[in-house]
Amino acid sequence: MAVFVWNVHNPTDQPLTLSIMLTWQNMVGWFTNSIKSPKVRVRDDGSPVYEYEPCLGQSAGNYNTLVADANIGCVLGSVGSKDVVEEGVGQWAIATANNPKKYQVFHHTRWNPTGTGAEVWQSFATDGSLPNYIDETPIADGEQLASAIAVKFTLEPGECLEIPFVLAWDFPITEFAPGVNYYRRYTDFFGKSGHNAWAIASDALQQYQTWRQQVQVWQQPIIDRVDLPDWFKMALFNELYDLTSGGTLWSAADERDPIGQFAVLECIDYRWYESLDVRLYGSFGLLMLWSELDKSILRAYARAISTSDRTIREIGYNQSTGLRKVTNATPHDLGAPNEHPWEKTNYTSYQDCNLWKDLPSDFVLQVYRDFVLTGSTDWELLWDCWAAIVQTLNYLKTFDLDGDGIPENSGAPDQTFDDWRLQGVSAYCGGLWIAGLEAAIAIGKTLMSYPQEHPLGEILTSPLNQPPIDETIATYQTWLEQSRPIYQAELWNGQYYRLDSESGSEVVMADQLCGQFYARLLGLPDIVERDRTISSLKTIYDACFLKFHNGAFGAANGLKIDGSPENPDATHPLEVWTGINFGLAAFLIQMDMKEEALKLTETVVQQIYNNGLQFRTPEAITAVGTFRACHYLRPMAIWAVYGMLNNFK
């Protein structure tokens, strides 16, 4: 629902009579895909897309009803909604409080929104009223209808009045592939009939002042901080828009998922859910504010890792073919709206994500992060994910072709920078691998220390726990001891960590030490020494930010040490990724470089807001005035910046 609160004040010395009107078109039946078997195609850029054609304007059988009790307004329904509950079927409602001592409420249940509007405007323009017209007759094919309510009141000199209006809707079903239907989370509280829009509106009118107070209590401590600039506070709160407008799903609860399942699209252009590499930075806001929802996503990944899908499909990047999902590979995403999210994963086919070298480590690190940053008490989360952790780290180790302890990148774009080739041991994936091993060892040790008298303790000591956790820890410790010296020897050049060990590139990669950031964040042993971390960050800040168009855009993903491009025709290396920049800023704060962090963050925020990209934040900004992938998930990494400023308290 949406609540619109008007606070009206008369500053004059004469009485003022005013009216406020709310209108809404009956759109019941519009919001479902008219293409019931959407065919997936590959776009020119190699990424998959499916057709979505809503039933806009198909309003035959819709009607509006006046409701008056403690509140007054209109319910907008459809003839067929009483018999069948399916996607797009339900109700809208507009309402205000029924308060005759303070104001009059007028109504019109049936006017034509495609006409001149004279049915409502003629009387409203004359004296601020509506004709109180009631007609509940369903409309015919080709017709449209809307309803309206208006509040008229007189204020004496100096008098104030608060008037709430509510728009509510009840569309309980989300349909994915034909026949794959989920109830939405709110139906656990308001029912699943699709006839509850008025109850939702009434609840909003009763509770909105409490909700507003709760929002203020949450936001005020941040707003009151004098050490945080206003531009940062603005961007911090505004970036949460994506949690509600990012193609968001939140399903009804069931026995397996007691708070339902949650997911946000990677973006509107790349329509698949909760891309794991993207949420490595982009999930900090969800974790810090609604941690159980974040954990539900990781549990969905844990269930998906052991699954397989042997479907052969085209890989858009190079027109080769590959399996959709290999057993024990960590999927890239939790599926797409046209199939079966949470159950049918790895939707994207731009690259063969079964071959990616960052996803397993991303999964392990996010599991341990959610444990550590929520008080280190959710042992059940660790246990729910442990088998998947073992399976996917063992799978990733199969890409260590030379047996040196670190899986190698293949020379294809096999990680989150999926248009950027890495070859051999890479700073980005290798660092995540080492941090992931450290996190897995810490998780295993935590589980082994679980109280034996607890039911979970019995499971941990039973023969079902195979292989034994202590043996797995020993294996990971061996891999870790192998990996550490290789990482240093192959990649450290005395100033920063090279992109990789085999491409010959000397580019400075902005996110080269993401693994080190995560290790330090989670209290794990450092991957690299502090002086090398500082040296690398200073080099990144200088080469990728200050020397890239004089620091006007933010940090580009990868440049030569003099700030010039290694390849002027490259894509990802020359883009400024908003979420990566916020992650880098959090890392700078972690290493006591707060001034640099805030300068970098402010530059990116200015790029977003000065170019009208707020509330549709893109993944990428370029120095030639273009941007890519709006409504992107990763920029919520600005909450990692706040977390570091606030020590994640």
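This is a predicted model: local features need pLDDT of at least 70, side-chain atom pairs count only at pLDDT 80 or more; totals for chains, interfaces and linings use all residues.
1. The charged end of Arg 271 lies over the ring of Tyr 50, at 4.6 Å from the ring centre. A second case is Lys 357, whose charged end sits over the ring of Phe 399, 4.6 Å from its centre.

2. A search of the whole structure gives 34 of them. One is formed by Trp 250 and Phe 262: the ring centres are 6.0 Å apart and the planes stand at 85 degrees, so this pair is edge-to-face. Trp 250 belongs to strand E13 (residues 249-250) and Phe 262 to strand E14 (residues 262-263), so the contact ties together parts that are 12 residues apart in sequence.

3. Are the two partners of that pair buried or exposed? Trp 250 has 36% relative accessibility and therefore counts as partly exposed. Phe 262 has 5%, under the 20% limit, so Phe 262 counts as buried.

4. Ring pairs also build a cluster, made up of Tyr 281, Phe 284, Phe 517, Tyr 518, Phe 587 and Phe 648. Phe 517 turns up again in the surroundings of Gln 590: leaving aside residues up to four places away in sequence, Gln 590 touches Gln 516, Phe 517, Arg 520, Leu 521 and Met 644. Gln 590 is part of helix H16, which covers residues 578-590. Its relative accessibility is 9%, so Gln 590 counts as buried.

5. Five strands form an open sheet in the order E1-E10-E7-E6-E5, with antiparallel pairing. At the edges are strand E1 (2-9) and strand E5 (62-68), each of which pairs on one side only. On average, neighbouring strands in this sheet are turned by 15 degrees against each other, with direction ignored.

6. Which helix packs on this sheet? Helix H3 (residues 197-223) does, touching E1, E5, strand E6 (71-78), E7 and E10. The direction of H3 makes about 135 degrees with that of E10.

7. Within the sheet, strand E7 (residues 91-97) and strand E10 (residues 160-170) run antiparallel and are joined by six bridges.

8. Strand E15 (residues 309-315) is joined to strand E16 (residues 320-325) by five bridges, and the two run antiparallel. Ile 312 has Leu 323 of E16 as its bridge partner. Four residues lie between the strands of this hairpin, and Gln 319 takes a positive phi near 60 degrees.

9. Finally, the chain as a whole. The protein chain contains 18 helices and 23 strands. How does its radius of gyration fit a compact globule? For 649 residues such a globule would have a value near 26 Å, and the protein chain has 28 Å, which agrees. Along the principal axes, the C-alpha trace spans about 80 × 55 × 55 Å. Of the 649 residues, 57% count as buried. Among contacts between residues at least 6 apart in sequence, 70% join residues at least 24 apart.

Conventions
Residues are numbered from 1 along each chain as its sequence is written. Side-chain values use heavy atoms; hydrogens and water are left out. Two strands pair if DSSP finds at least two bridges between them. Axes are lines fitted to C-alpha atoms, for helices over the stretch in contact, and angles run from 0 to 180 degrees between N-to-C directions. Contact means heavy atoms within 4.5 Å. Rings of Phe, Tyr and Trp (its six-membered ring) pair if their centres lie within 6.5 Å; planes under 30 degrees apart count as stacked, over 60 as edge-to-face and the rest as tilted. Buried means under 20% relative accessible area, exposed over 50%, partly exposed in between (1.4 Å probe, protein chains only). A charge sits over a ring if NZ of Lys or CZ of Arg is within 6 Å of the ring centre and within 35 degrees of the ring normal. The radius of gyration is taken over C-alpha atoms; the globule rule is 2.2 Å times the number of residues to the power 0.38.
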